[in-house]
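Thanks for asking me to look this one over.

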Amino acid sequence: MAEKIIYAISDSLGETAEAVARATASQYDKEQIEIVRIPYIEDEAQIDEIIADAKNGNHVICHTIVSISLRSYLHEKAAENNIPAVDIMGPVLDAVGTVASTKPRMTAGMVHKLDQEYFKKVEAIEFAVKYDDGKNPSGFEKADIVIIGVSRTSKTPLSMFLAYKKIKAANLPLVPEVPLPEELFKIPSKKIVGLIIDPYKLNNIRSERLRAIGLEDEANYASIERINSELEYAKAIMRRLHCQVLDVSNKSIEETASLVMQLVDKNRMSEGK
């Protein structure tokens, strides 16, 4: 066993305490210092065990214990046994408390929870990119929601907005000349949302799009006849799928996303998630 030990302890994972301990030990490269991480401290008995080990050598305790009572008990026992104990988080909490308008949560593991939320968001964004525009229908089964609709009904912006809310959204354009992927009919209808829009509003949107890329806005893509044909086809598919249908003619992305999120939440509740 090393002659010197830094006990990095916490009432959560202890990653922060261990990182500080290792950074500190690295400054003493000629010393043999062992780092012992002890996570999930929940009661005084665990602290007593650590104190009993630490008092038998030249050891140090550093911690990120959030619980005020456990922090106080640890420092009391460490002082009784002449063991150096360093509170990594407490002084910072106290300092921020002098300028913050709210009180700290005093809940263990908040950093880990925030990290999890961040990675969920990144995962959802990557999902939206990978399964955008019907590129890979195999993702439909893994999606929280599959968005279908004719071109320029804001399927991609909606998918990305939902991704920032940690919802995995795939989307599929409905084009009469393009066969539908069989995967679309293998998922529950409750996981599908169809987007429809006023034909004249879509005509304006498509005409603007054509002008933006330097094409004539009289092209068939933007004609009312073509748009009506596509919308009738899309509505027929949506009826066949028995899915939720949203008219986005006068809705912002945020409004549409709110309705979709309500549907996703309802689905998750019914699945017990």
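The numbered points below go through the strands, the helices, the cores and a few single residues.

1. A word on the basis of these notes: this is a predicted model, in which local features need pLDDT of at least 70 and side-chain atom pairs count only at pLDDT 80 or more, while totals for chains, interfaces and linings use all residues. Residues are numbered from 1 along each chain as its sequence is written, and side-chain values use heavy atoms, with hydrogens and water left out.

2. Let us begin with the N-terminal strands. Helices (H or I, at least four residues) and strands (E, at least two) are DSSP runs, numbered from the N terminus. Strand β1 (residues 4-9) has 5 of its 6 residues buried, so the rest of the structure largely encloses it; buried means under 20% relative accessible area, exposed over 50%, and partly exposed in between (1.4 Å probe, protein chains only).

3. β1 has parallel partners. Two strands pair if DSSP finds at least two bridges between them. With strand β2 (residues 33-38), β1 pairs over 6 bridges, and isoleucine 6 has isoleucine 35 in β2 as its bridge partner. With strand β3 (residues 60-63), β1 pairs over 4 bridges, and here tyrosine 7 stands opposite isoleucine 61.

4. Now for the open sheet, whose 4 strands pair in parallel in the order β6-β5-β7-β8. At its edges are β6 (169-173) and β8 (244-247), each with a single partner strand, so one side of each has no neighbour in the sheet. From one strand to the next, the twist averages 25 degrees.

5. Helix α9 (residues 253-270) lies across β5, β7 and β8, at about 165 degrees to β8. Contact means heavy atoms within 4.5 Å; axes are lines fitted to C-alpha atoms, for helices over the stretch in contact, with angles from 0 to 180 degrees between N-to-C directions.

6. Which residues touch the most other members of the largest nonpolar core? They are Ile145, Ile148, Leu162, Leu184 and Val260, in a core of 38 residues. Such a core is a set of buried Ala, Val, Leu, Ile, Met, Phe, Trp, Tyr and Cys residues joined through side-chain atoms within 4.5 Å. Its largest share, 6 residues, comes from α8. Apart from this core lies another of 15 residues, including Ile9 and Leu70.

7. Finally, a few single residues. Glutamate 230 is in helix α8 and is buried, with a relative accessible area of 5%. Leaving out residues up to four places away in sequence, glutamate 230 touches Val150, Ser151, Leu174, Pro176 and Arg206. Cysteine 62 is buried at 7% relative accessible area, as is cysteine 243 at 11%. The structure holds 0 disulfides, a disulfide being a pair of cysteine sulfur atoms within 2.5 Å.
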